[in-house]
Amino acid sequence: MSIDLHTHSTVSDGTLTPTELVREAAAAGLSAMALTDHDTVKGVPEALEAGKRFGIEVIPGCELSVTSPKGAGWLHIVGLWIPENPEKLEAAFEWVIEGRANRNHEIADRLRHLGVNIRYEDVVARATGTVGRPHFAQELMHLGVVSSINEAFHEWLGENGKAYVPKRKLSPEQAISVLLEEGATPILAHPFILGLQGDQMETAVRELVDLGLEGIEVHYTEHDSADTDRFMALAEKFNLLVSGGSDFHGTVKPDIKLGVGRGDLNVPDELLERMKAHRRAKGLPV
């Protein structure tokens with residue numbers, strides 16, 4: 001059977017509730033999944049309860065956006081096996097969330113300055129959890145400014161968009177440190193998105209390993225076979241756990257399906273067993 005260790009719900013920027021997400025994962029035939037919402041674990045209790053109802057193992061997780069090496073793309077760290085009351089992690093979330101709220105208002109201001117008749121309260125109404133750029137994209141579609149989510153990000157909200165505002169982020173050291181302090185397993189998410197090649201990629205991974213990184217997403221929706229082989233080689237070189245997931249968000253990424261990505265993703269469940277063995281060897285719960 002297969003697993004999916006990178007998914008998002010309405011508690012961050014997905015379009016399925018934690019319960020709906022877990023139900024869909026079970027219906028897709030997955031043996032296990034991780035809920036890894038951005039900068040929050042508020043959906044985890046609901047997901048864990050749904051896992052019991054639908055007969056699928058749910059790993060409590062989160063995804064942290066961290067500052068990237070110079071010249072690199074986004075750097076995200078997934079934390080797996082987040083404990084029930086992660087006080088230090090919650091404090092880090094609060095710092096990030098405060099920055100996100102300021103960012104959202106600045107995005108709205110920039111859009112209005114650029115002639116878009118957008119109201120921030122309408123954007124907020126589209127979110128059941130954390131307000132983010134996908135909700136701005138949905139409102140831009142509703143207003144007829146764009147015809148698709150992709151266009152919204154390309155023209156307005158993405159890194160090169162007209163209304164882009166940088167996100168407040170933890171440093172890699174802060175993110176990995178707080179995850180380890182909470183007894184979680186830190187994983188480098190979608191290394192493909194870093195956009196680094198050769199020695200630059202190896203240097204970036206080595207620096208993260210020196211900070212305590214324990215795993216890497218080898219299997220990912222955007223990774224082709226060459227990428228998978230490349231990141232598997234890095235996992236072997238640095239003795240990292242191999243992870244993988246779809247990065248499922250629901251209708252905001254309609255071509256990405258749970259467990260299979262765009263159709264050819266397969267994350268074998270044996271990888272989860274290796275992670276559990278690693279954690280047991282450290283005396284950590286699974």
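**Close-up views of a predicted model**

**View 1. The second largest pocket draws on H2 and S3.** In this predicted model, the lining of the second largest pocket takes at least two residues from each of H2 and S3, and S3 provides the largest share, four residues. The volume of this second largest pocket is about 360 Å³, and among its 22 lining residues, Leu-48, Pro-60, Ile-82, Pro-83 and Glu-84 are the closest to its centre. Sorted by class, the lining of the second largest pocket comprises 14 nonpolar, two polar and six charged residues.

**View 2. Helix H2 has a buried side and a face turned away from it.** Within H2 (residues 44-54), the residues Val-44, Ala-47, Ala-50 and Gly-51 are buried; because they cover an arc of only 120° around the axis, they lie on the same side of H2. The face turned away from this buried side carries Pro-45, Lys-52 and Arg-53, which are exposed. The cover over the buried residues of H2 includes helix H1 (18-27), strand S2 (32-35) and S3. After H2 comes Gly-55, which has a positive phi, near 70°.

**View 3. The largest pocket is lined by 42 residues.** Its volume is about 1200 Å³, and the lining residues that lie nearest the centre of this largest pocket are Trp-74, Arg-133, Phe-153, His-249 and Lys-253. Two or more lining residues come from each of S3, helix H3 (87-113), helix H5 (133-142) and helix H6 (149-157), with H6 giving the largest share, four residues. The lining of the largest pocket divides by class into 12 nonpolar, 17 polar and 13 charged residues.

**View 4. The largest nonpolar core contains 63 residues.** In soluble globular proteins, nonpolar side chains tend to be buried together. Among the members of this core, Leu-64, Leu-80 and Leu-188 touch the most other members, while strand S3 (residues 57-66) contributes the most, with five residues. When neighbours within four places in sequence are left aside, the contacts of Leu-80 include Leu-5, Ala-34, Ile-59, Ile-187 and Met-275, as well as Arg-279. A second, separate core has 19 residues, including Leu-111, Val-123, Ile-149 and Ala-163.

**View 5. Val-205 is placed in helix H8.** This helix spans residues 198-211, and Val-205 counts as buried because its relative accessibility is 0%, where the cut-off for buried is under 20%. Not counting residues up to four places away in sequence, Val-205 touches Leu-188, Leu-234, Phe-238 and Leu-240. Gly-99 is 106 residues from Val-205 in sequence, and their C-alpha atoms are 27 Å apart in space.

How values were computed
Residues numbered from 1 in each chain as written. Predicted model: local features only at pLDDT ≥ 70, side-chain atom pairs only at ≥ 80, totals over all residues. Heavy atoms only, no water. Buried < 20%, exposed > 50% of the residue type's maximum accessible area, 1.4 Å probe, protein only. Contact = heavy atoms within 4.5 Å. Core = buried A, V, L, I, M, F, W, Y, C linked by side-chain atoms within 4.5 Å. Arc of directions from axis to C-beta. 1 Å grid on protein atoms, 1.4 Å probe; cavity = no way out; pocket = protein on both sides within 12 Å on 5 of 7 lines; lining within 4 Å. Points joined across faces, edges and corners; volume = space filled by probe spheres on them. Nonpolar A, V, L, I, M, F, W, Y, C, P; charged D, E, K, R; others polar.
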